Amino acid sequence: TCATMATFGFNIDAPRWDQSTFMGRLRHFLNITDPRTVLVPEEELDLAKALVEGCRAGMVPPGSSQEQLLYAKKLYDSAFHPDSGEKMNLIGRMSFQVPGGMALTGCMLQFYRTVPAVVFWQWVNQSFNAIVNYTNRNAASPISLRQIGVAYVTATGTALATAVGLNLYTKRAPPLLARWVPFAAVAAANCVNIPMMRQQEIINGITVTDGDNNELGHSRRAAVKGIAQVVVSRITMAAPGMIILPIIMERLEKFPFMQRIRVLHAPLQVLLCGGFLLFMVPTACALFPQRCSLALADLEPELRDSIVAKHGDKVPYVYFNKGL
């Protein structure tokens with residue numbers, strides 16, 4: 001009774017928007033980082049997965065509209081890992097970045113004055129980041145619990161050292177500089193947390209394929225490129241909120257009415273952070289194509305030689321999933 005896909009002329013895995021352009025990727029990520037998907041119950045996510053997998057097998061329940069299929073795909077993309085198809089934990093999903101990130105960023109920006117507060121919020125933030133990075137890793141490269149532990153401790157240490165160090169250093173600096181300390185700490189920690197969490201990919205290389213998804217081998221240089229792009233996009237994600245918001249709060253807090261409602265400063269920062277992240281999460285994810293490419297000439301010599309030996313000059317570029 002199932003209709004075949006041919007009747008729709010519809011490929012559920014084909015991106016709806018051109019992924020080679022920034023605007024196309026932005027629309028794609030606006031779709032899958034939609035924070036409303038966090039509220040969708042588990043059963044509905046499992047149904048969406050069944051529908052997407054049925055669609056891939058060419059079996060679509062009769063009466064399914066293209067709208068239903070696209071919505072199922074949206075839920076599937078927001079909640080299941082692109083490599084393994086496993087359901088991701090709620091906290092690690094990109095769609096949870098807005099609510100989770102907004103609470104944490106708001107608190108880091110609000111409670112920056114005392115060392116214990118800085119230590120506590122940076123620690124909570126790095127714990128959140130570790131979960132996100134682990135959840136969105138390239139699943140083809142398994143990572144041991146020991147490596148996760150080392151990555152977590154190193155990143156948290158970096159964030160705390162940067163935050164506490166700069167916090168003491170900015171005691172005599174203009175007040176605005178002190179408000180920028182959380183961003184410096186977050187940026188420094190990202191440069192450590194992501195490469196450490198994904199070190200297996202750097203050590204063993206990640207799978208690279210040709211344009212038709214045929215596996216060609218493993219490349220460490222591809223891993224380094226993918227991870228570097230993720231670091232840049234994570235820092236970009238945090239930057240506007242953590243750089244512009246302190247300027248806004250600095251101005252606002254001079255007003256008498258703001259001094260009367262001190263208790264509302266933290267909720268206000270959290271809300272404003274949410275506004276920034278709503279746009280910045282998809283924008284930062286869209287900076288680089290998810291399916292990353294590397295010119296043959298930039299690969300390790302031994303991998304390049306083996307590809308040329310097998311395929312001649314038919315493979316000018318290799319492709320891989322850079323993770324998020």
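At 51% relative accessibility, glutamate 302 counts as exposed, where exposed means over 50% relative accessible area, buried under 20% and partly exposed in between (1.4 Å probe, protein chains only). This is a predicted model, in which local features need pLDDT of at least 70 and side-chain atom pairs count only at pLDDT 80 or more, whereas totals for chains, interfaces and linings use all residues. Residues are numbered from 1 along each chain as its sequence is written, and side-chain values use heavy atoms, with hydrogens and water left out.

Glutamate 302 forms a salt bridge with arginine 220, with 4.0 Å between the closest N and O atoms; a salt bridge here is a side-chain nitrogen of Lys or Arg within 4 Å of a carboxyl oxygen of Asp or Glu. Because glutamate 302 lies in helix 12 (residues 301-311) and arginine 220 in helix 9, the pair ties together parts that are 82 residues apart in sequence. Helices are DSSP runs (H or I, at least four residues), numbered from the N terminus. Arginine 220 is partly exposed, at a relative accessible area of 38%.

## Other salt bridges

Across the whole structure, a search finds 11 salt bridges. One of them joins the side chains of glutamate 253 and arginine 113 at 3.8 Å, N to O. Glutamate 253 sits in the loop between helix 9 (220-252) and helix 10, and arginine 113 in the loop between helix 4 and helix 5 (115-135), so this pair links parts that are 140 residues apart in sequence. Glutamate 253 counts as buried at 13% relative accessibility, while arginine 113, at 47%, counts as partly exposed.

Glutamate 201 and arginine 198 also meet through their side chains in a salt bridge, at 3.0 Å from N to O, and both of these residues are buried.

## Helix 4 against helix 11

The axes of helix 4 (residues 97-110) and helix 11 come within 7 Å and cross at roughly 135 degrees, the axes being lines fitted to C-alpha atoms over the stretch in contact, with angles running from 0 to 180 degrees between N-to-C directions. That angle makes helix 4 oblique to helix 11, since angles under 35 degrees count as roughly parallel, over 145 as roughly antiparallel, 65 to 115 as roughly perpendicular and the rest as oblique.

## Leucine 264

Leucine 264 is placed in the loop between helix 10 (256-260) and helix 11 (265-285), and with a relative accessible area of 44% leucine 264 is partly exposed.

Technical notes. Helices (H or I, at least four residues) and strands (E, at least two) are DSSP runs, numbered from the N terminus.
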